[in-house]
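Please look over the sequence and the structure shown here before reading on. The report that follows takes up selected parts, one heading at a time.

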Amino acid sequence: MTGPEPHAVGIHKKEGETVKKFLGVLAAAAALTFAVSAGFAADAIKVGFVDTYTGPATAYTNDVLDGFKLEIGKINAKGGVLGRKIEFVTRDDKYKPDIGLTMAKELVLKENVDLLVGTISSAVALAVSDLAKKEKVPFIVTFAKSDKITGSMGHRYVFSISENSEMAGRAAAKGLAKKPYTKYWIAGDDYEYGHSIANAVFSHLSELNPKVQKIGESWWKEGETDFTPYITQILAAKPDFVIVATGGRGMVNFQKAAQSTGFNKRVPFYQHTAIELSTLSPQGQNAPEGVYGTANYLFYFPATKENQAFADEFKKAYNRQPKIGALYGHLLAKFVAKAYQKAGKVDKEKFIDAMEGMTLDSPVGPMEMRACDHQVALPMFFGVTKKSPQYEHLVAGDVISVPGKEYLPSCADVMKTRAK
Amino acid sequence: MLRVESVVMSFGGFKAVNGANLHVGAGEIVAVIGPNGAGKTTLFNLITGHLAPDSGRILFKGREIGGLSPHVICRKGITRSFQVVNIFSQLTVFENVQIAVLSRERKTYDIFSKVEGMAAEEVERTLRSVGLHDKRNVESVLLSHGDQKVLEIAVALSGKPELLILDEPTAGMAPEETETCIRLIRKLSDEFGLTILFCEHDMGLVFDIAQRVMVMVRGGTVVQGSCEEVRRNTEVQDAYLGGSA
Amino acid sequence: MKHRSLVATLAVLGLLCALPPFLPRFYVYIASIVLLTGLLATSLNLAIGYGGLYQFHHTVFYGVGAYGTALMLTRAGAPAPVAMIAGPLAAALLSLVMGVICVRLSKLYFGMLQISLGSLVWVTVYRWYSFTGGDDGIHGVPLPDLIASAKGSYYYTLAVTALSLLAMRRIAGSPFGKTLQGIRDNPVRSEAIGVDVKRHKLAALVIAGFFGGVAGSLFVVVDTSAFPDMMFWTYSLEVLIMCLLGGMYTFWGPFVGSSTLVLLRVFVSVYTQYWGLILGTILSLVIIFLPDGMLGFFARRFRKGEVRGA
Amino acid sequence: MEFLSHLFSSGTLSQFLVGLSRTTILFIVSSGLSLILGILRIPNVAHGSLYMVGAFLAYSVIHLFGGGVAAFVAALVIAPLGVAALGFVLERGFFSHLYEREHLMLLLLTFSFALIIGDLVKIVWGTEYRSVTLPVVLQGSAEILGLPLPYYNLVLLLVGPVIAVFLWLVINRTKMGKIARAAAVDREMVSAVGINVGWVFAFTFVLGCFLAGLGGALIAPMTNISLGMDHSLIIEAFLIVIMGGLGNVWGALLGSLVFGLTQSLGILVWPKFGIVFPYLAVVAVLVFRPRGLLSSTW
């Protein structure tokens with residue numbers, strides 16, 4: 001070590017004075033920061049978003065925000081709710097539960113928001129949900145897919161307006177049960193979401209079709225970029241069908257690997273959200289064909305007037321097709337506005353009472369916020385990827401729609417997991 | 001007191017010490033001399049445990065010490081100074097000596113006492129006796145080279161060794177500093193009855209204070225004996241005058 | 001002199017005790033985070049500033065302290081006092097084990113081996129769903145009522161942090177602390193005066209790990225949760241930055257540095273998403289212009305022209 | 001004993017080849033890091049960020065040229081050169097004045113650069129992830145024992161050794177390389193004989209950055225290019241360099257092989273904790289050979 005180490009071993013002898021001076025400076029700086037505040041209008045209904053606004057997840061979360069903005073803008077333009085505007089602020093959790101929790105605390109304890117929403121990360125959602133329960137603030141989960149959120153760790157203050165892994169698993173099992181495959185391989189991102197969705201698909205599939213068997217599993221770390229070693233491993237075992245449980249960025253990565261190795265041509269596989277635009281549009285025409293998937297939203301299906309109108313409106317506003325997040329943001333705005341209207345005043349407990357059992361019309365049809373577990377019942381679409389002359393990306397073909405009621409776990413089942 | 005028997009130590013293929021023999025009796029002042037690269041420093045490093053011998057024996061008070069760790073050997077009663085000044089340069093003169101005293105008293109694991117002022121009496125006494133007392137609160141990196149060398153001897157001394165090893169104690173010193181240093185070494189020997197082993201290039205100094213001299217050439221012992229014997233030895237003359245000098 | 005520093009300490013403590021009633025709850029929470037992060041940085045400084053050990057992955061002990069406490073409370077249902085001490089002890093034990101493996105390496109190699117071992121611990125926590133909760137972490141850790149509220153947890157954090165800092169200050173000023181500084185300064189000289197360098201380093205690592213663990217257990221009290229990210233290597237570097245920012249070779253420097261960074265982070269990240277840019281710029285300016293850190297810089301200016309130690 | 005049947009299945013060879021090919025990118029990036037660490041003594045945490053910049057640059061170049069083989073080749077040239085230019089600016093602007101600083105300071109300084117570069121990338125390219133499509137020629141895969149090995153992995157298998165030999169030639173057969181090696185051992189000596197060490201160091205740093213950029217450009221088609229791709233890579237690269245021996249190009253190669261292969265074979269043996277094996281390998285190496293597998297320049 002040739003570096004000039006400061007000759008400071010004995011400095012603490014003089015530190016007392018220095019510390020004092022320093023504390024003065026620090027206090028002044030702190031006072032300055034305290035003085036500034038993000039600021040809501042005085043009588044607005046305050047909605048606080050905690051979500052991931054940096055990194056790959058923004059491909060999904062920005063759509064939520066834009067969908068919400070579009071709808072809430074219309075509501076505010078008509079005078080808002082109860083004569084008050086709905087305003088929102090966003091906080092970036094950087095996909096990390098500790099940061100998300102700090103941000104949520106800031107929103108609740110400092111900004112005094114009336115409502116917390118957001119999070120694509122299940123870890124953040126669970127952390128914030130715990131805070132919501134303690135602070136008695138309603139929290140609407142917009143994207144995170146862990147079934148614990150409204151399942152085993154659900155409570156009065158947490159709601160979910162997206163499907164969860166258990167639901168996706170049940171819906172996929174319904175679609176897959178009709179196929180002739182029996183030898184299944186399970187692979188996926190080795191984290192909460194990956195395991196829970198894979199288990200959900202396979203356990204329900206084996207209930208529906210007792211002949212299926214699992215011949216092997218492989219798990220890679222979340223954020224894995226090179227799937228080739230796993231693909232060769234899977235192909236060597238010669239399964240009939242592969243359940244691939246990837247989330248977020250793993251979706252596109254795995255599809256690219258499948259395309260380049262010809263994996264999809266050798267063995268059919270299923271990925272939740274494989275048919276969704278968020279997965280398909282970044283790959284253009286190079287996405288693999290013949291991949292089975294489920295999704296909550298497709299802008300071209302069902303081809304109803306409502307869906308068409310929503311897609312057109314979104315495209316006009318943001319110059320892109322709405323993806324799944326846009327639907328969630330849209331639903332969020334509608335639920336929030338309607339619930340406050342119904343509650344008659346801005347009150348956290350009344351808001352929750354109003355939310356329970358509430359129904360709405362949406363671009364994908366009518367839906368309900370289940371009173372028992374605070375889980376919304378959305379229809380789920382099951383299909384397979386194919387090329388389309390109309391678009392620059394692949395679309396879902398052979399789409400079947402599974403209504404929410406058919407794949408939601410029963411209230412009794414949910415309560416059983418909560419009791420544990 | 002110290003006995004080195006046919007010790008061999010090599011770096012890669014090069015035998016830095018090759019069959020050296022050395023004997024130091026209690027209370028003696030022994031000098032090791034030899035041309036540059038003769039292996040004097042390596043020999044000292046072997047004795048103090050900074051290197052481990054390949055073969056041969058190093059006995060201190062009849063016990064084998066070859067290959068032990070430096071701190072263990074220090075505990076057995078050998079302390080040293082180094083050729084290049086080796087002190088706690090960021091600590092004050094006082095603290096340098098203080099650590100050595102605390103280490104000797106085995107108080108370095110004490111996490112409860114306040115170190116300030118500990119062992120002050122002994123530290124000040126030592127500093128007075130080496131003439132550094134008035135500089136006791138100076139950061140030692142700021143001392144003159146001569147003072148640093150003296151401080152290092154004071155640090156080594158504070159371990160209350162039975163054998164003190166000095167590797168070129170006057171290297172790089174100004175003439176008057178050398179003078180002080182010699183007086184210091186004499187004083188140590190006379191007052192405390194210390195056994196001293198040192199190596200030095202300044203032959204005047206060697207023959208001035210050493211009682212016996214060991215001559216090393218190319219890693220081996222050429223001759224060991226009184227100053228007079230060594231001075232007259234023809235092999236030594238060859239090594240210094242005709243050989244590699 | 002001694003009298004004055006005692007008065008100053010009591011004044012600061014008194015001020016900190018009096019804060020909560022005047023602060024909104026959010027700031028009480030942030031104040032708790034500031035305190036425990038300060039403790040974390042100070043504990044790291046014991047190893048890196050005083051001992052010169054390249055403790056690159058210190059937050060492993062922070063994380064293990066937190067998980068130890070959280071798991072004792074949730075899984076074992078242990079009484080709170082037991083859990084509070086179990087976390088730090090687990091951290092100290094891990095520090096001992098990692099120390100035994102690392103301590104014979106020097107500087108950069110030490111640091112890298114530690115990062116490697118620390119990453120193993122991190123991976124284990126991150127992957128072991130059934131036990132640690134994996135990447136979700138542990139939430140809603142049950143706490144006794146006394147320390148469950150924002151104020152209660154603040155006072156508890158304040159008390160534990162103050163005691164820990166006092167203890168570390170004592171250790172830094174003890175014969176052991178002085179020996180450690182000697183080892184940092186010159187390990188060869190230390191050995192030559194009979195100091196067992198490795199063992200002292202190991203002891204320093206265990207102490208630093210223990211107090212890192214204490215900070216972790218405080219995090220559980222303040223946040224009622226524990227996350228794997230607490231022990232990801234980037235956070236370790238951030239804590240290193242805190243030490244550097246405040247002044248690595250001073251006792252209070254790391255505390256000052258961590259307070260500055262935590263406050264800055266909380267308030268700045270509300271207004272911008274470019275926290276990295278801000279932190280990076282501050283840090284590079286500090287390294288280039290103030291290598292002694294803020295406190296070191298102040299201290300230096302203060303004693304300019306004085307004879308050192310007079 | 002189930003894992004044994006995995007090990008000796010027909011997939012093992014193919015698994016092995018795939019492991020080798022992914023080692024290539026680790027090797028390219030870590031050899032650059034190794035040069036900078038071994039010769040300049042800078043523990044450059046920003047190396048991963050430069051790799052990320054390389055990947056983003058490759059993306060931009062390919063899109064600018066509209067895809068195809070020409071665009072891909074252009075990206076492989078332009079992206080590393082761009083990163084090298086960035087490295088040149090960093091070296092002349094900062095590091096050249098700071099070589100004498102403690103490692104710890106340099107480590108933190110480079111970490112601060114990593115943070116800054118990360119946010120600059122965010123500003124320039126946004127937070128969404130990008131992806132690059134391979135030219136049609138390179139799409140598809142070859143059959144090895146009935147299992148697919150993508151052509152691109154085959155290309156990587158060839159690129160790795162080429163780079164290794166190239167680096168060996170630069171370091172051992174050019175004057176610049178020889179001076180750099182000498183300077184790594186004794187900087188003062190080299191400048192004392194009248195050689196301008198500053199420019200040799202600049203050259204080494206720029207070469208290291210070029211390699212980081214090349215690694216980034218090569219990984220671009222295999223992954224989605226996103227913020228944070230530097231985080232996991234840089235720590236792996238550091239471990240590889242330490243494991244292989246600082247400043248030793250062959251050490252970087254050996255380290256990458258150990259790292260890459262323990263990982264891909266670890267997946268077969270114990271899928272859930274496959275990621276643990278490379279770390280264990282590093283620990284084992286450092287416990288038994290604290291200075292790394294091959295001799296280091298330190």
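A helix, as the word is used here, is a DSSP run of type H or I with at least four residues, and helices are numbered from the N terminus. The model is a predicted one, and in it Val77(D) has its place in helix H4 of chain D.

## An open sheet in chain A

In chain A, three strands make up an open sheet with antiparallel pairing, in the order S11-S12-S13. Strand S11 (359-360) and strand S13 (376-377) are at the edges and have a single partner strand each, so one side of each is left without a neighbour in the sheet. Strand S12 (residues 367-369) is joined to S13(A) by two bridges, the two running antiparallel, and Met369(A) is found opposite Val376(A) of S13(A).

## The build of chain B

Chain B contains nine helices and 10 strands. Its radius of gyration is 18 Å, close to the 18 Å given by the globule rule for 245 residues, so chain B is as compact as a globular protein of that length. Of the 245 residues in chain B, 54% are buried, while the chain exposes about 10,200 Å², with 49% of that supplied by carbon and sulfur atoms.

How values were computed: Residues numbered from 1 in each chain as written. Chains lettered and ligands numbered in written order. Predicted model: local features only at pLDDT ≥ 70, side-chain atom pairs only at ≥ 80, totals over all residues. Heavy atoms only, no water. Pairing = 2+ DSSP bridges. Rg over C-alpha atoms; globule rule 2.2 N^0.38 Å. Buried < 20%, exposed > 50% of the residue type's maximum accessible area, 1.4 Å probe, protein only. Areas by Shrake-Rupley, 256 points an atom, 1.4 Å probe, with all protein chains shown as cover.
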